[in-house]
Amino acid sequence: MTAGPSRRTVLLTAALATAAAPLAAVPARAAARTPKVLVIGLDGALLGRIQAAATPNLDALMAGGVTAPSRIYAEPLAPTMSGPGWSTIITGVWPDKHLVKDNAFTGNAFAKYPDFLTRIETAKPALSTYAVASWSPVTTTIFSAAVDSRVSTPSAEYDTGTTSRAVAELRDGSRDAVFVHLDNIDHAGHGYGAASSQYTAAIQTADAQVGQIVAAVAARPTYASEDWLIMVTTDHGHTDAGGHGGNSDPERQTFLIAKGSAITAGTTRHDIKMPDVAASALAHLGIAADPSWGLDGRPLQTPVADAFDTLRPQLTTRVDETGIGAAVIGFTHTPPAGWSVENTAMGTGGMTEWRGWSFTTDEFWTAAERGQQRESNVRARNVFAVADGDEWVDKSSSGTFDSTLVGPAWPVTGGSTAVLRYTTLYRQESPQKGEVLVSWNGATPVSVKTYTADTSSRVEAITLRVPAGATSARVRFRYTGGNNWFWTVDGVSLTAS
């Protein structure tokens with residue numbers, strides 16, 4: 001977190017003793033067990049530094065649950081700061097909805113997109129909610145007064161006080177949903193940098209505090225009759241030198257560690273993103289998300305299959321892109337089963353990675369060129385498709401960029417309607433064009449949508465009228481241009497309306 005309201009100035013100097021053994025494996029949920037949620041936020045923590053440090057309690061949670069590294073936005077969507085970061089995690093929507101751009105929270109849309117504890121209180125007011133934070137805006141601004149109890153730890157007590165309060169509530173109280181914010185890792189990052197011994201020591205101190213908090217859950221008299229979902233996450237990363245707010249990969253790194261009855265132990269996933277914390281907490285408590293809420297998160301308990309994600313095992317390292325780290329794995333031109341790429345009109349030469357539609361990841365693609373809004377592709381998950389004319393021409397080429405991504409033959413019912421859904425980000429510069437076409441029963445494709453203006457990250461839903469007699473449909477995404485910008489596509493589906 002950069003300098004902002006109520007930032008602590010006290011650095012913990014003594015590590016707490018490691019707590020009792022981490023939470024034991026949770027058996028499958030029985031009907032009589034009561035669902036409960038615990039979210040622990042470790043401000044400014046880097047997953048890689050956690051994994052390299054002596055962190056037995058966080059290691060135990062990872063071994064017993066899922067570990068999900070991910071990345072966040074950068075400007076112009078929002079800087080990599082705590083205000084936007086915690087707002088995204090706690091509300092379940094990205095900054096273009098909650099409108100938090102810094103640590104002042106000016107112009108926020110929390111009334112429209114409230115925190116997940118407030119949604120719990122609205123949906124099930126009998127449930128008890130509690131939030132405690134070392135950084136006071138979390139509990140004074142992001143969480144609303146509808147939460148049963150919001151506690152901002154006095155500065156003199158810092159994370160020690162936050163931990164003791166959380167332990168007392170969890171061990172002895174009757175809360176159903178608890179949020180805990182610990183701040184000292186971020187403080188050490190600002191003061192000494194993420195590559196420092198002080199940052200590592202802060203991680204180890206936080207690990208001991210996480211151990212105390214998790215042990216308090218297991219020590220509850222009613223624990224055997226309860227079904228706990230425990231999630232640990234962070235709002236942003238840090239540079240080795242210290243600080244954040246920019247668009248470098250370390251600053252954009254986040255993660256989720258989650259353990260619960262519906263989660264397979266010892267797994268790693270790449271389809272989970274920051275807004276999923278709120279959605280997962282709601283789902284665990286039996287609160288179905290209303291479409292009118294506009295949540296960007298989805299429950300981690302119910303993964304959504306995506307054809308592009310099946311390509312992760314075959315992604316390779318760079319070929320021409322010297323700006324991408326040599327060890328970073330992240331692209332292929334081979335489409336998933338049932339898909340194809342038509343490059344008969346594609347120009348020659350250019351950057352190998354981006355010659356026609358490619359399948360890539362956020363980590364790989366944004367490293368090709370930072371600060372050009374690639375970081376705004378927040379609603380794509382895991383592996384996605386991209387047509388990037390801007391990067392293609394960074395090596396000698398001839399002709400124009402003209403490539404078509406072709407989907408599988410989806411079954412349809414003639415005379416009915418179907419909905420084409422996909423996630424997209426489109427940045428425009430003339431004469432570039434993106435066109436979505438549909439072919440019924442193999443006939444000539446017809447255009448159903450054209451992109452000739454900037455389109456922010458969003459989920460598109462296009463209702464199609466299926467011609468009488470049609471039994472199948474193929475969707476095409478055609479991108480044409482030269483030294484222009486880019487178009488991303490992910491999560492494509494065609495279903496009956």
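Modeller: Gladly, and we can begin with a proline: Pro-431 is found in the loop between strand E17 (417–427) and strand E18 (433–440). Helices (H or I, at least four residues) and strands (E, at least two) are DSSP runs, numbered from the N terminus. This is a predicted model, in which local features need pLDDT of at least 70 and side-chain atom pairs count only at pLDDT 80 or more, whereas totals for chains, interfaces and linings use all residues. Residues are numbered from 1 along each chain as its sequence is written, and side-chain values use heavy atoms, with hydrogens and water left out.

Biologist: What is omega for the peptide bond that joins Ser-430 and Pro-431?

Modeller: Omega is about 10° there, and the bond is cis. The bond from Glu-75 to Pro-76 is also cis, with omega near 10°, and Pro-76 lies in the loop between strand E2 (66–71) and helix H3 (82–91).

Biologist: Turning to phi, which value does Phe-105 have, and is Phe-105 buried or exposed?

Modeller: Phi of Phe-105 is near 65°, a positive value in a residue other than glycine. Phe-105 sits in the loop between helix H4 (95–98) and helix H5 (116–123), and with a relative accessible area of 5% Phe-105 is buried (buried means under 20% relative accessible area, exposed over 50%, partly exposed in between, using a 1.4 Å probe and protein chains only).

Biologist: Where is Asn-441 found?

Modeller: Asn-441 is in the loop between E18 and strand E19 (446–451); its phi is positive, about 55°, although Asn-441 is not a glycine, and at 41% relative accessibility Asn-441 counts as partly exposed.
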